[in-house]
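Please keep the sequence and the structure in view while reading.

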Amino acid sequence: MGSQVARLWAAVLLLAALYSCEEAAVSVRPPTPNSCLFEAGAIFEAPPITCRPLVACDGEQILKAYLKINEACRIKASERLQAREYFLYRVNYWQDDHAFLFNNVIESHANHMVVQDAERLMQLPAKLVDELNLKLLIYSIESGRTQDALLLYTTMKHQWKPSQLLDEIERNPSGVNEVLVLHVLDFARALPIKTVRVELYKALVGVLRRHRLNGSYASLVYAGDVVAIFTAQKDKDTYLSAPYGVVLHRLRNELRQLQFDFNVWVANKFPRHYTQFLTEIFFFVPQTWSAIDRRRLFEIASMFKAKGHRYQVIEVFLKYAKQYDRPYVAKLVETLPTLALEVDNLRRTVEQTGNHKNEVDRIKAIQDRFSTTSWNRRNYRAYLHIMRTQGKFGKKYLAMESKG
């Protein structure tokens, strides 16, 4: 009986001990678990906890270990977030760096590419190089870059014939016009070898004919360039007569119709070439001279910019007036006052531009030529007085003339 009582008390004591241990463990509860413990890279080893049977567990020690682990987890999570954000910033920044570095590489590689292109060009067939040089030569001529064209032509390994050059120029999609012909003439004048220059002039005749430019001012410029080259009659008939004859007919015809625009424009734009042919342009047969309104015709003298042109046309008009109108005093009185006014205007221009002795002497010589015959004693001053007192068309229209 006593042994059974002893065993019963032992069981009661054991149950009491177990209950006190569980109560102690439950009385101290850890904080709420943090989600950082479950994130990637947040795995820590569990702290060693000793909990012997029949002995109450040390909850404070367990809580400290847990707090330590939780704090380390939070720090690690913050470091990972900062590293991720910094990495994204560096990625964007590196992209700009890559673009900058890539441009630097391209610029540094440019010189190397030039060398590579030079090596490639050196390996091109010679025929292709000649074709490129020819195209550059044609473009230089067409654009009026005469010096560049001359340098290219004189340094070409295989020089093209003038006829071949003109064939290439005629293939211009824009067509051949007066300006293009003028550029070709500039190139022809610059050629140092006369035989090549003559061949180019000869080939240019066909270009003017095919493109209907014989009546243009370009033909007059061409004629002025070649008149001293083609001296033989056969050469004149072949290479000069056709283009010059057409433009000369146009200039004369417009002059006789009292249409001065084309003549004045050509004279002011190409004074040297117009001077070469002025005497032939201002040529009048008796029928034409008598039919034309000479008072209007004489007005062209003041339209020229060059004093030399004004001198020439006045002298030509005086020559024809003496030649055709000498027997007709009334006709001289009607027309020469207008010419006297043109001489007076020229005299004023000479005074305003230096009053050079040779020009003044030439004016005086022209004034003396107004005395035509012994029976017509009117001189230059008399005709000028008529112009000032009676006007060009008589006293009836003097007031109208003064108003312009």
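Which residues does D325 touch, not counting residues up to four places away in sequence? They are W289, R294, Y320, K331 and L332, where contact means heavy atoms within 4.5 Å.

This is a predicted model, in which local features need pLDDT of at least 70 and side-chain atom pairs count only at pLDDT 80 or more, while totals for chains, interfaces and linings use all residues. Residues are numbered from 1 along each chain as its sequence is written, and side-chain values use heavy atoms, with hydrogens and water left out.

**Overall composition**
- The protein chain contains 19 helices and 0 strands; these are DSSP runs numbered from the N terminus, with helices (H or I) of at least four residues and strands (E) of at least two.
- Of its 404 residues, 33% count as buried, that is, under 20% relative accessible area, with exposed set at over 50% and partly exposed in between (1.4 Å probe, protein chains only).
- Among contacts between residues at least 6 apart in sequence, 71% join residues at least 24 apart.

**Nonpolar core**
- The largest nonpolar core has 87 residues; such a core is a set of buried Ala, Val, Leu, Ile, Met, Phe, Trp, Tyr and Cys residues joined through side-chain atoms within 4.5 Å.
- Helix α15 (residues 307–325) gives this core its largest share, 9 residues.
- Y222, F282, F317 and F370 have the most contacts inside the core.
- Beyond its neighbours within four places in sequence, F370 is in contact with residues including L318, L336, V343 and Y383.

- D325 lies in helix α15 and counts as buried because its relative accessibility is 4%.
- The C-alpha atoms of D325 and T372 are 9.5 Å apart, although the two residues are 47 residues apart in sequence.
- D293 lies in the loop between α13 (286–291) and α14 (294–297), and it counts as partly exposed because its relative accessibility is 28%.
- The C-alpha atoms of D293 and R256 are separated by 8.9 Å, and these residues are 37 residues apart along the chain.

**Packing of α5 and α7**
- Helix α5 (residues 162–170) packs with helix α7 (residues 194–210) at an angle of about 35°, their axes being 8 Å apart; axes are lines fitted to C-alpha atoms over the stretch in contact, and angles run from 0 to 180 degrees between N-to-C directions.
- In α5, P162, S163, L166 and E170 meet residues of α7, among them V196, L200, L204 and R210.
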